Amino acid sequence: MAEPTITLNVTRYRPGQDQAPTTQAYAVPYKEDWVVLDALNHIKDQMDGTLSYRWSCRMGVCGSCGMMVNGTPKLTCAAFLRDYYPHEIRVEPLANFPIIRDLVIDMSDFLEKLKSVKPWIIRKEEKPVVQGEYLQTPAQLEAFHQFTQCINCMLCYAACPVYGLEPKFLGPAAIALGYRYNMDSRDQGKEQRAIIGNHDGIWDCTFVGECSVVCPKDVDPAAAIQRSKVDMTKNWFQSILMPWGQR
Amino acid sequence: MSVTRPEKSKLYYRKMPATWWLQKQSYFLFMLREFSSLFIALFLLVYLVEIYQLTKGPDAYAAFIHKLSSPGWIFFHVVVLLFALYHSFTWFQSSAVVLPVRLGEHLVPRQTVTALHIVAWAVISLVVLILFLTLKG
Amino acid sequence: MTMEKTTEPIWWGLFSAGGVVAAFLVPIHIILVGFALPLGWISDSGALYRIWWVKLYLFILIVLPLYHWGHRHYFTLNHMGLKPISKLLAVLCYGGAIFGTVVTVWVLLKI
């Protein structure tokens, strides 16, 4: 009795050799508890060692294994074969990023954008260690906690059509990260994160909302962006109508 | 530690087609939502033209109202109403995301906030209707 | 305040206000104008439009959603492949809303 198999149609691209990406079909064993990442590992270990892709923890915390599975950005360690069987599965590199090789994309733009929002506590004056810790109530923590859960998997950038159309867009994860620090009661650096309020920051976003739909950690970057718009608009009108009341 | 950057010349850039919004249901629904604003604006222009008829006398106003009873215009308003309702519903959903509502310790669930918006919309619509019936000549 | 000199908040503010007005008020007006009056469920002489605060209400009802449309449509058209004529789109969309504002005021003052 033949073991059931499932076919993965995987993007291949060899830099310097291929003009454009192609698709290669692999028939892998179908196991009920396997995820797409297991299938890719099987391909690499048993069938075709030349396949390149990123992965690490295989349990949804490292953010390495993001790819397009049937056109949807997913962590391949969280995409179960049984949800697609017996149909074929299309595995492509994460959308909106340039392809380096096979399923590996160039994330340097993403990393630059994360850096640009200054994702660290900024103080007007550092609090000396002898004065003790920063105290934070549960309510103060709740104000920003969900936005700390980002694992930098870039699924949101792959889901965002604005980022696909406008590469200069700061993007969901970077803005959510900036919002996380702006909402942290310990932080005093909102003015230094002005890049968020620039033209390619929050204002490029048209609230498609797909970023929050695909986020595996429920960070809800779309909420962070829209709340930032309300915040900035309030501040902007305040600074115009009441320029004397500057904090 | 030196970082090896990918050779830019060998990267493959996939271009996003102008028909990107036709490729996924969620993108298509998003586009419908965006286009609802156009239909709302068109309706308001029709309304403005109707009000403008008053400068030409009460007969012109009545004639315009009669014009809107043609099947073509009824169809237009059915389409416009569907888009307007879609705008309202998606706007109320968005409002729940943008403005979190806290009742003491607890966060009110988004679906509840949306539902409350819909109730408010029904009440406001009723108020407008009553005002119109009261004030009209 | 070290924010870049962007005027986005004005347009986004108008877009938001227009969105709220459109969401809460437009459907009932479509029912009145598009169905109730033409199909004879209700009769109306138009006299109420001459009341000053009704004119004010109409101004808000008609004008704010125009800015909602202009802002939204500008982005939509840009994202549908018309980015090369972005500046023209801005003139057509935001200019259209401003033109609509002027026409609305003119009509309301004339009736």
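A salt bridge is taken here as a side-chain nitrogen of Lys or Arg within 4 Å of a carboxyl oxygen of Asp or Glu. By that rule, chain B and chain C share 1 salt bridge, and the structure holds 17 salt bridges over all chains. This is a predicted model, in which local features need pLDDT of at least 70 and side-chain atom pairs count only at pLDDT 80 or more, while totals for chains, interfaces and linings use all residues. Residues are numbered from 1 along each chain as its sequence is written, chains are lettered from A in the order in which they are written, and side-chain values use heavy atoms, with hydrogens and water left out.

**Interface of chain B and chain C**

- The contact (heavy atoms within 4.5 Å) takes 47 residues from chain B and 52 residues from chain C.
- About 4800 Å² is buried between chain B and chain C, with carbon and sulfur atoms giving 78% of that area; buried area is the accessible area (1.4 Å probe) that two parts lose on being put together, summed over both.
- Leu48(B), Trp91(B) and Phe132(B) supply 13% of the area that chain B buries against chain C, more than any other three residues.
- The salt bridge joins Glu34(B) to Arg72(C), whose closest N and O atoms are 3.0 Å apart.
- Between chain B and chain C, 8 residue pairs are in polar contact, both residues being at pLDDT 80 or more. A polar contact is a pair of N or O atoms within 3.5 Å; within protein, one must be able to donate a hydrogen and the other to accept it, and residues adjacent in sequence count only if both atoms are side-chain atoms.
- On the side of chain B that touches chain C, the elements giving two or more residues are helix H1 (25-52), helix H2 (58-67), helix H3 (71-98) and helix H4 (110-135) of chain B. Helices (H or I, at least four residues) and strands (E, at least two) are DSSP runs, numbered from the N terminus.
- H1(B) provides the largest share of that side, 15 residues.
- By class, the side of chain B that touches chain C has 34 nonpolar, 9 polar and 4 charged residues; Ala, Val, Leu, Ile, Met, Phe, Trp, Tyr, Cys and Pro count as nonpolar, Asp, Glu, Lys and Arg as charged, and the others, Gly among them, as polar.

**Interface of chain A and chain C**

- Here 20 residues of chain A are in contact with 13 residues of chain C.
- The area buried between chain A and chain C is about 1700 Å², of which 67% comes from carbon and sulfur atoms.
- Helix H5 (161-165) and helix H8 (221-241) of chain A are the elements that give two or more residues to the side touching chain C, and H8(A) gives the most, with 8 residues.
- This side of chain A has 8 nonpolar, 8 polar and 4 charged residues.

**The sheet of chain A**

- An open sheet of 5 strands in chain A has the order E2-E1-E5-E3-E4, with mixed pairing; two strands pair if DSSP finds at least two bridges between them.
- Strand E2 (22-29) and strand E4 (72-75) of chain A are the edge strands, each pairing on one side only.
- From one strand to the next, the twist averages 35°.
- Strand E3 (residues 66-69) and strand E5 (residues 89-92) of chain A run antiparallel and are joined by 2 bridges; Met68(A) has Glu92(A) in E5(A) as its bridge partner.
- Helix H1 (residues 36-47) of chain A lies across E1, E2, E3 and E5 of chain A, running at about 95° to E2(A). Axes are lines fitted to C-alpha atoms, for helices over the stretch in contact, and angles run from 0 to 180 degrees between N-to-C directions.

**Local features of chain A**

- Arg12(A) and Asp48(A) meet in a salt bridge through their side chains (2.9 Å, N to O). The pair links distant parts of the chain, 36 residues apart: Arg12(A) is in strand E1, and Asp48(A) is in the loop between H1 and E3 of chain A.
- Most residues other than glycine have a negative phi, and most peptide bonds are trans.
- Arg58(A), which is not a glycine, has a positive phi of about 50° and is placed in the loop between H1 and E3 of chain A.
- The peptide bond from Tyr85(A) to Pro86(A) is cis, with omega near 5°; Pro86(A) is in the loop between E4 and E5 of chain A.
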